[in-house]
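Me: Could you take a close look at one part of this model for me, the place where the two chains meet? I would like a connected account that I can follow with the structure open.

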Amino acid sequence: MIRYIIKRIILMVPAIIATSFIIYFAMNMTGGDPALTLAPENATEQQIEEIREELGLNDPIYVRYGKYMLGMLKGDLGTSYVTKRDVFKTFMERLPNTIELAFTAVLIATLIAVPLGIYTAIHQNTWKDTGGMVFALFGVSMPNFWLGLMLIIIFSLNLKWLPSGGKEGIRSLILPALTVGMGFAALITRTTRSAMLDVIRQDYMTTARAKGASEKTVIFQHGLKNALIPIITVIGMQLSNALTGSVLAETVFSWPGVGRLIVDSISKRDTPMVTGAIIMSCVLMCVVNLVIDLIYAFFDPRIKAQYSRKG
Amino acid sequence: MTDKILEVKDLVVQYVTDDGCVEAVNDLSFSIGKKKTLGLVGETGAGKTTTALSILNLIPSPPGEIKSGSIMLDGSDVLTMDQEELQKMRGNDVAMIFQDPMTALNPVMTIGEQIAESIELHEKISKKESMERAKEMLKLVGIAESRAYDYPHQFSGGMRQRVVIAIALACNPKLLLADEPTTALDVTIQAQVLELIKKLITERDMSMLLITHDLGVVAEVCDDVAVMYAGRIVEIGTAAEIFNETAHPYTEGLFNSLPNLKQRGEKLVPITGMMPDPMDLPEGCSFAPRCPYATEACKKANPGLRHLGGSHYVACQAYERENFKLGGEQ
């Protein structure tokens, strides 16, 4: 098991190198001269040249990439063109906000979706099932930003219950978390339902009933535990999505998270900031995926056995 | 009355689907004496498993529905029990061994937990004690106690079936429903498992309903035999009566399709045709379309059970004819 974890961590390295390569070249070859953006409007050709020299923009791109990667080994992701601050530090300042939003959103989604998914599966092909599925369809089809705006209009402008943006305590977390969570809830509901439908027809459910177990025990202890793997997968996917920044929701609610950092930096052509933030997101995604895979082993002994065998 | 553990009367079970109504069990009546084993024989789709699930009142609903009849278990009707009484009865008074041990066990629970669950549900004992009892049960079916903490995927098919047996017997039920307990196993393992079941129910004074399509198994284990065809019992009697004085053409067909080890070169004689679609049963005797003795009369009315002597009954109109004998007339 431990060998499996070490192997997985080593496998992250090529993933991160590949991401950094793609994103570095993409960001540096899209054209546009950062020096021009940074220089004051009436700068002379010489001043611009000085800025280029200062940023190291005159080196060939592969040299710059090499230097960048060497820096990365030391935990240095460069300095922002715009704020002149360390990229890694800026990212880490924003990360807790995104984590807070991501976990709250996924928690809300799970609390709504898993019970709803089980409920609709038990009542398959009745109006209760249809009702739940309509809700899920609605959740999937609703664009995030639209839902966010609607929530702001209702709860901030009309009812004046909650702030429309910013980050001041738990109250300002509710609307963005709901916005992000609704889309997730829809997906998790559908996955839970189909996983439960699969499990409900299994023979071991009849075995459990024949033992004299109550319907509640049969559904939750025997059914849900077997349906968990796909449910955990989809929850994990949503979590890693949310952790790399819910760009739209963070923008609509001016939430100071990673997603907004990336969007802002792109619009300001802050190449080091964008590159660094995306590489960090990649690292984060790899870690979350590893954790999810380890959670599988906790719930399913067959997967645990597989991990140990593969070592 | 009191010497019967189970009395099924006029049981009708149907599955109502979008495509039509499946008449799985039609007017079924039989009984099992205390400490006796009844073999329920018939081909796939004859309604054997539906009958067993009905006794536990576990017909999946929808689409299944028990339309009418009564199932008296030691004097009380299973079909009128409420949910609480049913849960008390299942596993405790009546337990079931399922056909396919590969799917009957929960893959994410240890073997020990699954046996212990049955005990915990019916007796007020601690988790630790129930686990100890589970280990004893494992030992009883010939599996090392230390394996109680293993998961089903670590066991072979034969061992899993032993575990299923351990679960069924954990609470000492009065009646055991064994639904083709050896069908999914290797031939070499089949005899072992059958021997184990036989030994355990004799030791524990249990009654058993043994569902099978294997007449060899019946001969070895059963006191009485009921032959089922298209949801009806076509012949019922003691094992000796069924084997020595076979009366129904279908039973005869079953015997003819058995291989004879003494004459290896001989060809098997299968029953021609297929069992009728239970969604669209023929009007008269369901077996008439495949029956070599059938006459016009057979296609018109459904034969009732006719007493042949002893406890031997047959549902066949041919016996209205004088001097009718299987294999003799034709």
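**Where chain B meets chain A**

Reply: Happy to walk through it with you. Between chain B and chain A, eleven residue pairs are in polar contact, with both partners at pLDDT 80 or more; that threshold applies because this is a predicted model. Chain B also has one salt bridge with chain A. Its partners are A:Lys211 and B:Glu117, whose closest N and O atoms lie 2.7 Å apart.

On the side of chain B that touches chain A, two helices, α3 (101-104) and α4 (111-122), each supply at least two residues. The largest share comes from α4(B), with five residues.

Now for the interface as a whole. Here 24 residues of chain B are in contact with 21 residues of chain A. About 1900 Å² of area is buried between the two chains, and carbon and sulfur atoms give 61% of that area.

A:Phe138, A:Phe145, A:Trp146, A:Leu149 and A:Leu248 make a nonpolar surface patch of about 490 Å². Helix α7 (residues 144-158) of chain A gives the largest share of this patch, three residues. A:Phe138, for its part, sits in helix α6 (residues 127-141) of chain A.

Notes. Residues are numbered from 1 along each chain as its sequence is written. Chains are lettered from A and ligands numbered from 1 in the order in which they are written. This is a predicted model: local features need pLDDT of at least 70, side-chain atom pairs count only at pLDDT 80 or more; totals for chains, interfaces and linings use all residues. Side-chain values use heavy atoms; hydrogens and water are left out. Patches are made of residues with over 30% relative accessible area and no salt bridge: like charges are joined within 9 Å, nonpolar side chains (Val, Leu, Ile, Met, Phe, Trp, Tyr) within 5 Å. Accessible areas come from the Shrake-Rupley method with a 1.4 Å probe; for residues, only the protein chains shown count as cover. A salt bridge is a side-chain nitrogen of Lys or Arg within 4 Å of a carboxyl oxygen of Asp or Glu. Helices (H or I, at least four residues) and strands (E, at least two) are DSSP runs, numbered from the N terminus. Contact means heavy atoms within 4.5 Å. Buried area is the accessible area (1.4 Å probe) that two parts lose on being put together, summed over both. A polar contact is a pair of N or O atoms within 3.5 Å; within protein, one must be able to donate a hydrogen and the other to accept it, and residues adjacent in sequence count only if both atoms are side-chain atoms.
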